[in-house]
Amino acid sequence: MSRRQQILKRQEADGRKWRVPMRCLVGCLLPWVLLACDSKKDDRFPPYDNTAEVEGYWKANPDFFQWKTEADLPKNLKWEDGADVPEFGDPRAVKGGTFHDYTLSYPPTFRHVGPDGNNSFRSEHWDNITISLITRHPNEDVWIPGLAEAWAVSEDRKTVFFRLQPNLTYSDGKPVEVEDFFMTFYIMRSPYLQDPWYNDWYTKEFKSITKYTDRIFAVSIPEAKPDPIWYATLPPSQREFYREYGADFPARYQWRVEPTVGAYEILLDRVKRGRSITLGRVKDWWAKDKKNYRYLFNPDFVEYKVINSPDKAFEMFRQHQLDFFLGGLPIYWYDKTEIPEVYRGYIERHVFYNQYPQVTWGVYLNESKPPLNNQDVRIGINYALDFKTVIEVDFRGDKTRMQSTSAGFGKFTNPEVRAKPYDPAKAREYFAKAGYTKAGKDGVLVNAKGKRLSFTLSTFNSGPIVPIMLRLKEAALKAGLEIIVEGLDGTQLYKKLDQKNHELAFAGFGAQPPYPRYWDFFHSTNAYKTDKDGQRKVVTDTNNITMTADPELDLLIDLHRNAKTEDEVKDLSWKLAKLIEERGNSIPAWESPFYRYLTWRWVRWPKEGNAKKSQMPLDAYMFWIDEAMKQKTLEAMSEGEDFGEKLFIHDDFKMP
């Protein structure tokens, strides 16, 4: 599970995928980048060994960390192994070659947790690479093996038992041990992590972990869940790697590359300071010949060039310095594809219909910044934002209006919740209720004290996002609302939202099945805390960027978080979606039932195009490089050979 699932890094402005928008200026990074090529140890930190501290922590919590024998296993366990599930992947896939992609910025750290860990490069080197204990089949609603070859669920649905794969190893060749999962709890619950979301999750959402044999262990959760597997999986943390984990963790581990159980690892000898990062396929990877994995992760290397301009990246794509480019925006799908490389079939276009919860692009209002604590002001802003014109003009009708921030969860999405349409007259009615009744010479409403109805909208400064925000600004003025568009570098935006210093923010949040997540985004725990002096303080580094703090809402969110059946989850999800819509602090923007991408013809894809439950084209790693086709294509280009324009519509998974 990724930290908070956060302010997503999927920026449709350039068609790139990105998880928290974290673009760091290379100049700011160079002192750290210089250390990146020698990431294991450096002289700034004294020797440290936490073995005694870790073992002491385990012993001090005997109810949580338990060691038993195989004889203690329940006798009625029904082990599953997914043997009868259709295999995932395309047998035509071949290994080899280098896949060339890009990232908008050099990451501020190679850590995947702790400060800045949830940065724009995290998915590329961690989330899309690592393998879970067991994982959801990308095309079927069933579980399949991962690090565990088999699993079983207790009758009370509070405990999941796992049997690890034989010969399971990390990328450094060392074996994965059960105690490495114990180590994960020590790390994630420790204040050394400086990551409150993980601290909370690993403290409150688990009851115990029990070792039975060198390969069998169990994870228990406090309450029964509709499907406890979603809640009981966790990654291993190699104890040797984390032996120096302590109070200086963020700095000490800033550029260390953690041994992974996934197919790729960062190759430090191929890291080019501020310019590129290359991942290499792990030699003798434990899953390379296993069902559901043998046809995935096919390139030998994946290179990410640092290119801070989408337009520049597209030109490099045309020069086949990049193999792939997302075509989410019309300018890249229509205008920039009027080129010979597309007409002659050297570059192919793909449209893929997926089934996955939508990225919740929208405008988020910070209730801690008056007068945004006034519901009438918030509702008025909802009516003042003209997303209809944005969709028709900027997206040329390719998008549709997202109706709620919990869209895409099937039966758990309330169909009665609808986004408020653009209506300047209605907006003025609500602004008037809040006391904003008179217009100044510039058309901006003011209240009796002369306070202007004016807010700063913080957003990304790259791609066409700023022009879209300027269109919203122009339309909002017709409702008497002034919007000051603030285009920020990704790192600046991330910090501002993380510190809750914004007024309005345009951002996108990731979503994962199976259910909408309300605790992360709307529970008061993630907005305020009371210090030892009884003073209320802002909680930073959480996803509650609306600063929602409502005791009545908290009660429902807690019930939702602890729901035991899917009927309960559905009922509470619908109620919460309605209450949040009425609150007016989260204004949904747009969504699409498909994604689009362009690739050189030597990048091959499975017949169905991709995984049904993929959020973006590269997530499932189903593609491969056809080196013979690449050579043939390059020769054809030099000779002017024409393969014919190619547009592939992959609609096997299109919703009716």
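## Sheet and ring contacts in a predicted model

An open sheet of 4 strands, in the order β2-β11-β10-β9, shows mixed pairing, and the model that contains it is a predicted one. The edge strands of this sheet are β2 (98–103) and β9 (264–266), each of which pairs on one side only, and from one strand to the next the twist averages 25°. Strands of a sheet pair through backbone hydrogen bonds, in either a parallel or an antiparallel way. For β9 and strand β10 (residues 276–281) the sense is antiparallel, over 3 bridges, and within β10 it is G280 that stands opposite E265.

Aromatic rings are a second topic, and the count comes to 67 aromatic pairs. A pair of aromatic rings is described by the distance of the centres and the angle of the planes. Two of these pairs are set out below.

| Pair | Centre to centre | Angle between planes | Class |
|---|---|---|---|
| W58 and F65 | 6.1 Å | 40° | tilted |
| F161 and Y212 | 6.0 Å | 40° | tilted |

W58 counts as buried because its relative accessible area of 7% is under 20%, and F65 is likewise buried, with a relative accessible area of 3%. F161 and Y212 are both buried, and their pair links distant parts of the chain, since F161 belongs to strand β6 (residues 159–164) while Y212 lies in the loop between β7 (208–211) and β8 (216–220), 51 residues apart.

The charged end of R163 sits over the ring of W79, at 5.0 Å from its centre, and K225 lies over the face of Y231, 4.8 Å from the ring centre.

Technical notes
Residues numbered from 1 in each chain as written. Predicted model: local features only at pLDDT ≥ 70, side-chain atom pairs only at ≥ 80, totals over all residues. Heavy atoms only, no water. Pairing = 2+ DSSP bridges. Helix = DSSP H or I, 4+ residues; strand = E, 2+ residues; numbered from the N terminus. Axes fitted to C-alpha atoms, helices over the stretch in contact; angles between N-to-C directions. Phe/Tyr/Trp six-rings, centres within 6.5 Å; stacked < 30°, edge-to-face > 60°. Buried < 20%, exposed > 50% of the residue type's maximum accessible area, 1.4 Å probe, protein only. Lys NZ or Arg CZ within 6 Å of the ring centre and 35° of its normal.
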